[in-house]
Amino acid sequence: MTRRVLKFTFFLNRHQVLRINAESEEHIQLLKELEDDEGWELDFWTHPASTDLPVDVHVPFASLHAVKDFLQAHKIPFHVMINNLQVMFHMQPLHSQIYSWMDTLVAAHPNLVSKVQIGTTYENRPMYVLKVGIKTQMNCGNKRPAIWIDAGIHSREWVSTASAVWMADKVNYGVDPSVTSLLGQMDVYLSIVTNPDGYAFTHTSDRMWRKTRSVNPGSVCRGVDPNRNWDAGFGGPGASKNPCSDSYHGPLAHSEIEVKNVVDLVQSHGNFKAFISIHAYSQLLMYPYGYSCTSVPHQAELDSVGRSAVQALSSLYGTTYKVGSICKIIYQASGGSIDWSYDVGIKYSFAFELRDTGRYGFLLPANQIIPTASETWLGLKHIMEYVRDHPY
Amino acid sequence: MSEEGLVMTSRDLNPDYYEARRAGNAVQHYINTLYGSPFRLYSVTQVHKARTEAMADTGMKYFLEFSVKDWVGESSEWHGSVEVLYPRGETQAPPQVQGSWGGLPQLNISAKEQEFYQRYSAADSSVSGKDIPDSYGNIDREMKPFWHLARVAASFVMLNESNENTLYNMAQVAKITQLETQDDQLRFDYEVLLHNMVSQEIIRWKLLVSWSPAGGVKVLETELLPRCHCKSPTQ
């Protein structure tokens, strides 16, 4: 099966990503020199530091022969990891570009993915979710067990949305038998831009915008923190009553239409088995509760799944994550989405905080997006496989 | 708690949990105020052990064992121990940090610092810039030392503002303008955006900063600015 080439603005042809396996200090030194030489315009996704970890380099077409000759001459092992770089994020996609890409994905895989509109936003943008699952005549119309994954609920966390685009691509084009078996049994609902109004605002006006864009009556300040607006300890500690605050919980639970749309979908579906929310930054994998520091009944199991998911994630680039409940790892925060999902009976509720740990923070450079998405995919896959294998 | 034979209860903390992480974050700011440079910045990579003790009248003391490294110079990690005392009181006051830093990796950066200093102390030098990194995480190679310098300067403010309920990071340099060199110190006007992870707020500070290889980083003036929408929204 040939991979369909998706054409959209952030696509680069004929570039490659090479994976280099340095075997000695000498190799490392040579790679460091290569990195410092600006003439070849190489983009090192991982820095040459030790022989334990692979070094991934994005090489523009013009430099390919020269770089490969260099590596071969010095007998440094490498292989082509990504050929015809399918998705390269020099530019973070606008939500309109994401919507067009969704249509292309659906057109390419009609038996695997569909685009579902779950409602509109405050500013009347459509909210789309990709529903992925192997469609057969038998399951058409049935509510198979499902997994919910949302990205970009906080608009400034761009790497969350970017990673979700990459992962949606991966889920559909991949030839992983485990994923195939998963999609044969379950549906994955992937919400790529869960806060489109906020996302648009980060492009036009304020890169650091976090909330929705709803008008708060009686205040000059707009927006509600969509992750303090869920009906789980709503209005409690860790959320603000002040409409100008970045953690304003809103006038009442589910007041934000973006939140209500998800709640309605999940409740009317009735068969979600996992709920995973993707954020950035800090490199954490968390489970409920945020609204309280008491342990949930399934704490031991969630912790164990979390730890092995993080092990899978770390296996790719050595990226370290911490695991724990929201309240204990970062802060007490009421009205959060995975607390709500857990409390309505969706046992496998998790939240990711992706790269990095503060150096770039919300402004993660483009060359870290695919590494972040790839490692996150491994962690997510582990959780999804566990959910598949532990029906309840 | 009885008045006589008052036992100072020491409580072990999970080093991955927020209490230890926040204290480690304050230590990071402290180290950068002492040793940071346009060519050297420290990051506390891990807290290994932590415990806390309430100090009757003075405040809450944290005892940490942690690892730290210079990520600009890509130094090796150094394992240290430190005490952090958050003072009791109603107004914000910075934590007092006590440690010995003799073992902290300090790579030789004098050549880089001298070259940078010579270049920008030229009479007509007038560096300026905005949005560093830009929205996409890009930083011009030439602007990197100014980005590092901003992080060091911001560390002074972040340390001052730190308490048990904050976790500060510098999110972005909104603006940098070079001012006239004075007393052999390069001088810059910075506007920086700080992110407090706990409140999730973005806080804008104006900083007047001086630096030279000999003088180190000094923050001469600070001013808290109102948060703005940087481009005018159409609404």
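This is a predicted model: local features need pLDDT of at least 70, side-chain atom pairs count only at pLDDT 80 or more; totals for chains, interfaces and linings use all residues.
Residues are numbered from 1 along each chain as its sequence is written, chains are lettered from A and ligands numbered from 1 in the order in which they are written, and side-chain values use heavy atoms, with hydrogens and water left out.

I start with the rings. Over all chains, a search of the whole structure finds 30 aromatic pairs. Rings of Phe, Tyr and Trp (its six-membered ring) pair if their centres lie within 6.5 Å; planes under 30 degrees apart are stacked, over 60 edge-to-face, and the rest tilted. A:Tyr289 and A:Tyr291 have ring centres 4.5 Å apart and planes at 35°, so this pair is tilted. For accessibility, buried means under 20% relative accessible area, exposed over 50%, and partly exposed in between (1.4 Å probe, protein chains only). A:Tyr289 has 11% and is buried, whereas A:Tyr291 has 22% and is partly exposed.

In chain B, one aromatic cluster is formed by B:Phe39, B:Phe116, B:Tyr117, B:Tyr120, B:Phe146, B:Phe188, B:Tyr190 and B:Trp211.

Next, charges over rings, where NZ of Lys or CZ of Arg must be within 6 Å of the ring centre and within 35 degrees of the ring normal. A:Arg213 lies over the face of A:Trp209, 4.7 Å from the ring centre. B:Arg51 lies over the face of B:Phe63, at 4.0 Å from the ring centre.

Now the helices, which are DSSP runs (H or I, at least four residues; strands are E, at least two), numbered from the N terminus. In chain A, the axes of α8 (residues 299-317) and α11 (residues 369-389) come within 8 Å and cross at roughly 145°. Axes here are lines fitted to C-alpha atoms, for helices over the stretch in contact, with angles from 0 to 180 degrees between N-to-C directions. Contact means heavy atoms within 4.5 Å. Among the residues that meet are A:Val305 and A:Leu313 in α8(A), and A:Leu378 and A:His382 in α11(A).

Finally, two loop residues. A:Asn195 sits between β8 (187-191) and α6 (196-204) of chain A, and at 1% relative accessibility A:Asn195 is buried. Beyond four places in sequence, the contacts of A:Asn195 include A:Gly152, A:Arg210 and A:Pro226.

A:Gly270 lies between α7 (257-269) and β9 (272-280) of chain A, and is exposed at 58%.
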